[in-house]
Amino acid sequence: MTVIKAMRRREFLGLGLGTTGAILLSQCSRGASQSSVPGSALAQAPVHSSEGGLLSFDLVAEAQQVKLGNRNANLLTYNGQVPGPRLEAKPGDTVQLRFTNRLNQSTNLHYHGLHIPPTGTGDNVFLEIPPGETYSYEFQIPANHPAGTFWYHPHYHGLVAEQLFGGLAGLFVVRGELDEIPEVQAAQEEFLILKDFALDRSGNIPNPGHMAQMTGRIGDLLTANGQFNPSLEIPQGGLLRLRLLNASSSRFFWLSLEDHPFYLIATDGGAIASPVELNDLVLAPGERVEVLVKGDREPGQYRLLNQPFNPAQGMMGGGRMGGGMMGGGMMGSSPNRNSTETVATLTYNGTTDALPLPNQLLTVESLPEPQATRQFTFNHGMGMGMVFLINGKAFDHNRIDTQVLLNTVEDWEIINTGTMAHPFHVHINKFQVISRNGQPTPYAAWKDVASVSPGETIRIRIPFRDYAGKTVYHCHVLDHEDRGMMGILDIQQT
Ligand code: C2O
Ligand code: CU
Ligand code: CU
């Protein structure tokens, strides 16, 4: 067994390391409140897979009343569902997606994490699809595209946080090599879309308060696949493959599973080289991970816990959420807003011969030395309310902020001089985090979201391959993005 124990107490996918938080973890877990009784069985959104190399699908965005747990909620849906349908394709497939906007405001679609053209009918976030209109997206997933957990969501600047918070998000899964590793294939696969909501008494989403300008809108209702504390079952001895997405507009998740380590097998951009054992993990908005869980404990119930996470401090300050800023940005009325909550419950049912973990996954390419290095400083200031800035500038549709050349590799330093964590995200091209505050990262992984804590600098290495054109990078706290924390990247043909 070559499982790397990279970190004893904690691994941080998104943020810097700290030890204070580890102590708080065990304290919080014992104090975990409410909803300890698991709800209904975990449901999965309907799946639409490609056939004969074609994924052809109609998607409609529309306000609808849906059930959120046992509550009636007036949300924004894709095809009447929250979360939206899961799309599945394979490398080389063509995707034809006829999208109809039945919202009362403009929207569009972004294919978060897919390596496809940023132009034309591809992952073109500069499109505006007005109410009542239909647009046909069409693109090809390259034959060498890695398998992974990607997703689609609206990306119409200024309304992204609102529309995502309303419920618009769905998975876009690419099946491939990772799925064919025998031990991974033998595992029971479950998708968990983690998302916060807020509802008033009549089931409407309340207006985000004033404080939400800083933290982004954060709801007090935690859901997994639109359910409150759903239950999932594996046999004792079995192996669970959990594929997690944080589809919240602004909320970070800080997760641990009682008595069970996670074995990380994939990050945003696909597989890592071999499983890494983690006791807990932080998922910034937009981030995904895949972990394996071994059913090697006593029969019983084990809670998947979320600890409050303070984005104003990140892990550096202990991570624990107090009242203050975070409490102020919270929407809704749950009394549990500052306590550890149960996101889902794992129950053992039956037994099976113990399934092993994979020794090896897939090679993560080591990138060549960069041809250029750039710096991006993230901060905020006061304008018309709070504005969020990259290199001192707020987003401008008509300004190109960064020009790079196709078929080059660059190092980008992301510097956070502000007081909030900013999960940095780039469209189209994935990257590897080389270091955090000068400390090399413990293992190579493909990412498209990497959170930067206040006071922290991370260095990422990013290759620009295959596709020229304009696209964007931004903070994935979507209220920050809507308030200016986005820049335009122009990838130029040489
Ligand atoms: Cu999921 Cu531009 O983002
Ligand atoms: Cu994206
Ligand atoms: Cu931000």
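Let me start with the copper ion, ligand 2, which in this predicted model is coordinated by NE2 of His110 and NE2 of His425, at 1.9 Å. Donors here are N, O and S atoms within 2.8 Å of the metal (3.2 Å for Na, K and Ca), and because water is not among the atoms, sites may look incomplete. His110 lies in strand S6, residues 110–112, and His425 in strand S27, residues 422–426, so the pair ties together parts that are 315 residues apart in sequence. Strands are DSSP runs of E with at least two residues, numbered from the N terminus. Both histidines are buried, His110 at 1% relative accessibility and His425 at 0%, where buried means under 20% relative accessible area, with a 1.4 Å probe and protein chains only.

A word on conventions: residues are numbered from 1 along each chain as its sequence is written, while chains are lettered from A and ligands numbered from 1 in the order in which they are written. Local features need pLDDT of at least 70, side-chain atom pairs count only at pLDDT 80 or more, totals for chains, interfaces and linings use all residues, and side-chain values use heavy atoms, with hydrogens and water left out.

Now to the sheet: six strands form an open sheet in the order S24-S23-S26-S31-S28-S29, with mixed pairing, two strands being paired if DSSP finds at least two bridges between them. Strands S24 (385–390) and S29 (439–440) stand at the edges with a single partner strand each, so one side of each is left without a neighbour in the sheet. Strand S23, residues 372–383, runs parallel to strand S26, residues 408–416, over seven bridges, and Ala372 stands opposite Glu410 in S26.

Phe424 and Phe431 make a tilted pair, at 6.3 Å and 40°.

Note on methods. Helices (H or I, at least four residues) and strands (E, at least two) are DSSP runs, numbered from the N terminus. Buried means under 20% relative accessible area, exposed over 50%, partly exposed in between (1.4 Å probe, protein chains only). Rings of Phe, Tyr and Trp (its six-membered ring) pair if their centres lie within 6.5 Å; planes under 30 degrees apart count as stacked, over 60 as edge-to-face and the rest as tilted.
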